[in-house]
Structure formats: C-alpha cells, structure tokens
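Hello,

Here is the structure I promised to pass on to you. Please open it first, and then read my notes below with the model beside you.

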Amino acid sequence: MCKDEFVEIISKQVKLDMEDAERVAKSVLLTLRSRLSPVEVVELNDNLACDLEDLWDGGWLQNIVSKLQSFRELDRYEFLEQIRQAADLQTIEDATYVTQNVFSVLKSAIPEQEVEAISNALPDDLREFWRTDEAAAG
C-alpha cells in the first residue's frame, strides 16, 4: 500500500480531507516510532511499501526527539495527548479515534509478523491499545 492509498483510506474512515488525514497519519506514525526500539524502527521501515515511509520518517530532528523520548515511556494517555497536540486535534477522544484508525490501516499494510513484533515492543497499555480492533470503518 502506497502513501496516497494509505492516506485516502484514513481520510474516508475518519472523514477528513486528504491534507488533514496525512497530518493525522504522520502524527500517529511518528509518535508510534518514538515508542519503538531502533531495531524495530528499521524492521518496520523495511516492511513499509512504496512511499509510505514518507509518513514514518520525520527527518533528523524527529530522529533526535524520538531518541530522547524513548528514555521516558509514555503511558497511553500521554501517547494520545502527544498525538492530539501534533495533529492539532480538539480532544483525547478525537486522538483515540484517529489513532485506532491509523493503527488499523497500518496493520493491514504490513506483514502479520511485523504487527506482532510491534505489539511485543510496546509497553503493556499501548500494546493493548495496538491490539484493539475497534476502529470504525467509516
């Protein structure tokens, strides 16, 4: 699945225009990236098709921020609050909804063994959230 298709699915599911859907997707993916080990980041990057890594790679500044954040584990609320702020969303509920949708689309875009590897790499409360299949399909 390429970036445009990924963003379009999210756009339809969460009823956002393409620009907002891309901003939301990037916010979720970069926040997820900050919670994974460097090894898992490389493995997931290797499994992303086409230009999807454009949403995943925040550049050199994001790489530094991710490394600094990895020293401090975010709980589920802090994780969602970071997404809420980065995606310019109004509420934690909005952040929860879009994150569930982005996770759902991401899980459909990568191999099952990578889905499981990410699950195993996350802290317990985020692992539970990652495994949740409650994302509404629009």
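Burial first: a residue is called buried under 20% relative accessible area, exposed over 50%, and partly exposed in between, with a 1.4 Å probe and protein chains only. By that scale D88 is exposed, because its relative accessible area is 59%.

Before going further, a word on where the values come from. This is a predicted model, in which local features need pLDDT of at least 70 and side-chain atom pairs count only at pLDDT 80 or more, while totals for chains, interfaces and linings use all residues. Residues are numbered from 1 along each chain as its sequence is written, and side-chain values use heavy atoms, with hydrogens and water left out.

**The chain as a whole**

The protein chain has nine helices and zero strands; helices (H or I, at least four residues) and strands (E, at least two) are DSSP runs, numbered from the N terminus. Of the 138 residues in the chain, 44% are buried. The accessible surface is about 7,200 Å², and carbon and sulfur atoms account for 50% of that; the areas come from the Shrake-Rupley method with a 1.4 Å probe, and for residues only the protein chains shown count as cover. If you take the contacts (heavy atoms within 4.5 Å) between residues at least 6 apart in sequence, 70% of them join residues at least 24 apart.

**Helix 8 and its two partners**

Two packed helices are described by the angle between their axes and the distance between the axes. Here the axes are lines fitted to C-alpha atoms, for helices over the stretch in contact, and the angles run from 0 to 180 degrees between N-to-C directions.

Helix 3 (residues 38-47) packs with helix 8 (residues 112-121) at about 155°, and their axes are 11 Å apart. That angle is why the two count as roughly antiparallel, a label for angles over 145 degrees, with under 35 being roughly parallel, 65 to 115 roughly perpendicular and the rest oblique. Helix 3 contributes E40, E43, L44 and N47 to the contact, and helix 8 contributes E114, A117, I118 and A121. These residues divide into four nonpolar, one polar and three charged, where Ala, Val, Leu, Ile, Met, Phe, Trp, Tyr, Cys and Pro count as nonpolar, Asp, Glu, Lys and Arg as charged, and the others, Gly among them, as polar.

Helix 8 also meets helix 9: their axes come within 8 Å and cross at roughly 150°, so this pair is roughly antiparallel as well. From helix 8 the contact takes V115, E116, I118, S119 and N120, and from helix 9 it takes R127, W130 and R131. By class there are three nonpolar, two polar and three charged residues.

In the loop between helix 8 and helix 9 (124-131) you will find P123, which is buried because its relative accessibility is 15%. Its C-alpha atom is 9.1 Å from that of R76, 47 residues away along the chain.

K15 has a positive phi, near 55°, although it is a residue other than glycine. K15 lies in the loop between helix 1 (3-14) and helix 2 and is exposed, with a relative accessible area of 59%. D88, in the loop between helix 6 (76-86) and helix 7 (92-109), has a positive phi too, near 60°.

Finally, D20 sits in helix 2 (residues 18-35) and is partly exposed, at 22% relative accessibility.

Best wishes
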